[in-house]
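Here is a short tour for anyone meeting this protein for the first time. Have a look at the fold, then read on.

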Amino acid sequence: LQGITVRATGATNDRGFLMDLGGTMRLEHDRLIGLGRLATLASGVSFVASHAGSSITDCTITDGLNGVYGSRSAQLVVAHNSIFSSRLDGIQMQSIGAGLAIQYNHVTSSGLDGLSLSGASFSADISDNVVVSSARYALLDYNSSGALRLFANRFDGAFDGVVMNSSSHVTMRANEVSSAQRFAVRLSGDTQHVEIAANQISASAVGVYISGGPRANHVIANQFSSNGEDVRIRANSPGNSVQPVPRRSELESV
């Protein structure tokens with residue numbers, strides 16, 4: 001589908017959605033407005049068990065229940081889209097397969113999270129996105145494992161910025177995270193083998209916060225500015241490292 005407009009009307013839960021179920025769907029230069037949910041695991045623009053080659057690129061998505069939703073899909077590409085005012089998440093991926101690429105998207109004013117990944121074992125590249133004004137988290141990575149790369153994104157203006165809960169093997173490098181009301185970067189649960197390196201973390205209550213069990217994670221050579229506190233690691237999270245230790249830090253366990 002190229003260069004078309006899809007507009008739904010009515011109450012959010014009664015609105016239609018656009019869905020690829022077990023096929024290959026490519027959306028390019030489309031306008032998708034007000035899409036909702038009529039069935040479980042189908043909301044907004046949905047890719048469910050889609051085949052390699054499925055993609056959504058250069059589209060504008062406004063006022064959807066979710067902007068883009070994906071599940072059990074391999075080599076899915078979400079790139080160069082503008083996603084505004086989603087009721088829940090701007091981009092939500094659950095139990096996704098290998099080869100996910102989320103790149104060069106602009107996600108604004110999500111009602112819950114800007115980007116959300118959960119329950120996945122995958123390789124994913126999340127790079128060069130701008131995520132601003134999310135009501136809860138700019139990015140949530142929950143209960144996932146695999147090679148997740150967060151590179152050169154800008155996350156601005158959420159309750160928490162980047163949240164990793166029970167996730168592993170994440171490389172977070174060269175991102176800008178700013179103006180989080182609470183934690184710019186938060187690690188919790190059984191999160192391990194995460195590298196947080198060379199990021200700019202600013203204007204948040206706490207820059208990096210590690211609590212509730214994370215271990216074997218590394219905070220390396222980040223630039224901190226104008227935070228209430230730069231790094232805080234609770235005693236319940238042993239075996240993590242910070243190099244160098246910023247001046248405004250509270251490290252109960254390292």
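## First look

Count up the secondary structure and you get 31 strands and 0 helices. Both kinds of element are DSSP runs numbered from the N terminus, with helices being H or I over at least four residues and strands being E over at least two.

A quick word on where this comes from: the model is predicted, so local features need pLDDT of at least 70 and side-chain atom pairs count only at pLDDT 80 or more, while totals for chains, interfaces and linings use all residues. Residues are numbered from 1 along each chain as its sequence is written, and side-chain values use heavy atoms, with hydrogens and water left out.

Two strands count as paired if DSSP finds at least two bridges between them. Take β10 (residues 82-84) and β13 (residues 106-108): they run parallel and are joined by 3 bridges. Here I83 stands opposite V107 in β13.

## Around β29

Now for β29 (residues 229-233), a mostly covered strand with 5 of its 5 residues buried. Buried means under 20% relative accessible area, exposed means over 50%, and partly exposed is in between (1.4 Å probe, protein chains only).

Strand β26 (residues 206-210) runs parallel to β29, and 4 bridges join the two. V208 has V231 in β29 as its bridge partner. Another parallel neighbour is β31 (residues 249-251), linked to β29 by 3 bridges; there, R232 is partnered with E250 in β31.

## The whole protein

The C-alpha atoms fill a box of roughly 55 × 30 × 25 Å along the principal axes. The radius of gyration is 18 Å, which agrees with the value near 18 Å for a compact globule of 254 residues. That radius is taken over C-alpha atoms, and the globule rule is 2.2 Å times the number of residues to the power 0.38.

Of the 254 residues, 53% are buried. Among contacts (heavy atoms within 4.5 Å) between residues at least 6 apart in sequence, 46% join residues at least 24 apart.
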